[in-house]
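The exercises below are meant to be worked with the sequence and the structure side by side. Try each task before reading its solution.

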Protein chains: 2
Amino acid sequence: MYKVYGMSLSGNCYKVRLALEQLCAIYRWIEVDVLAGDTRRPEFLALNPQGKVPLLEIDTDRLLAESNAILCYVADGTPLFPDDRWLRAQVLQWMFFEQYSHEPYVAVARFICRFLPENHPRRAELPRLHERGHEALAIMERHLSSRRFLVAESYTLADIALFAYTQVAEEGGFAMAAYPAIQAWLERVRAQPAFVPMEWVGDRGGDSSQAAMDISLY
Amino acid sequence: MYKVYGMSLSGNCYKVRLALEQLCAIYRWIEVDVLAGDTRRPEFLALNPQGKVPLLEIDTDRLLAESNAILCYVADGTPLFPDDRWLRAQVLQWMFFEQYSHEPYVAVARFICRFLPENHPRRAELPRLHERGHEALAIMERHLSSRRFLVAESYTLADIALFAYTQVAEEGGFAMAAYPAIQAWLERVRAQPAFVPMEWVGDRGGDSSQAAMDISLY
């Protein structure tokens, strides 16, 4: 059985949870409170020297970091990560796009807007984050204007990876009305079998500490 | 035959060239001058709406962006990208680490230090870039202190992806003497069969415009 070390409030951790739920995987979710410094404690650093969640424990000798690498591992051999070389390359293209051109702007803007005080100096970053974030969203909008999903008209890891923070981009100050194709795609993702929302607390992954968490966080 | 649209001076493009050379692939290199605005011209945007290089043209209907997705495609079925699920996941983990935690700091610091004027306002970014870049290098140093290569004691795409900008980190103001394990690993990469340096101008990929380019650029 997998163990997932994650913070329910993190979109990168939510990706893993959504994929595991949709794959009907059995896993144990171990809540890690990044804001309280849990990922900087020696016991966690012994598991992941990078001090980051999510972290997948396959067994005691095999620990995997990086949300998108975890997605590729758990979805291997399933339609979420097609075997076809060209389809798989396109899925990976969108996953690298997400980590390089989308998450560092859309997720960080949301973190600043939602979780830092209104007078926090990091608000000075927002104009640049919005500019770059809108560039990423415009690329998605254009691509999705003639497609149901990001790759080959099928729901894949590319959709899961990009859904996590796009769905909460409004919280970062991104006016999403400008992106009708993205909004229609978000609804298609939400309509997928075994979909769970970010704030979901379920049987397979839930523990008591999650019950009070109804917000999502960068 | 592949076509690769790339700028010889870019580390992300160099990754693709190095892999193709080591795979003995036949390809045509099409030099794109990002600094002169080539990637913003309509003819290039028609190929890649993101306006970025490298771009791999498999055939006229199949174009692939994102350097690390291109590496996965061209190395599919070869030892550079192992078929084993766990090994492959680890390779992907390091490739996502490279794009999220290494390239945005190490490559950008180098770009600022080497290619912008000494009084450029972007120099104000350097303290933060150095702090984050050193965090990434420290993680590599720790990992490589007991290993020959990043994954499973074999040379893989993970090494190619992280070699590209680590080899020129000094140019960004990173004092690499602090990282002996990284330096030994850089030498092991350089000793791999069919290795080509960044400034290399070769038969398969060379065109006349490259001959004058003997520097490497973010």
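**Exercise 1.** How many residue pairs are in polar contact between domain 1 of chain A and domain 2 of chain A?

*Solution.* Begin with the bounds: in this predicted model, the domain assignment of chain A places domain 1 at 2-74 and domain 2 at 85-190. Across the boundary between domain 1 of chain A and domain 2 of chain A, the count is then seven residue pairs in polar contact, where both residues have pLDDT 80 or more.

**Exercise 2.** Find the salt bridge between domain 1 of chain A and domain 2 of chain A.

*Solution.* The count between the two domains is one salt bridge. A salt bridge joins the side chains of A:K15 and A:E98, with a distance of 2.9 Å from N to O, and this lies inside the 4 Å cut-off because a salt bridge is defined as a side-chain nitrogen of Lys or Arg within 4 Å of a carboxyl oxygen of Asp or Glu.

**Exercise 3.** State how much area domain 1 of chain A and domain 2 of chain A bury between them, and how far apart their centres lie.

*Solution.* The two domains bury about 1100 Å² between them, and 61% of this area is on carbon and sulfur atoms. Their C-alpha centres lie 21 Å apart, while the contact takes 13 residues from domain 1 of chain A and 13 residues from domain 2 of chain A.

Technical notes: Residues numbered from 1 in each chain as written. Chains lettered and ligands numbered in written order. Predicted model: local features only at pLDDT ≥ 70, side-chain atom pairs only at ≥ 80, totals over all residues. Heavy atoms only, no water. Domains from an automatic or database assignment. Contact = heavy atoms within 4.5 Å. Buried area = accessible area lost by both parts, 1.4 Å probe. Polar contact = N/O pair within 3.5 Å; in protein donor to acceptor, adjacent residues only side chain to side chain.
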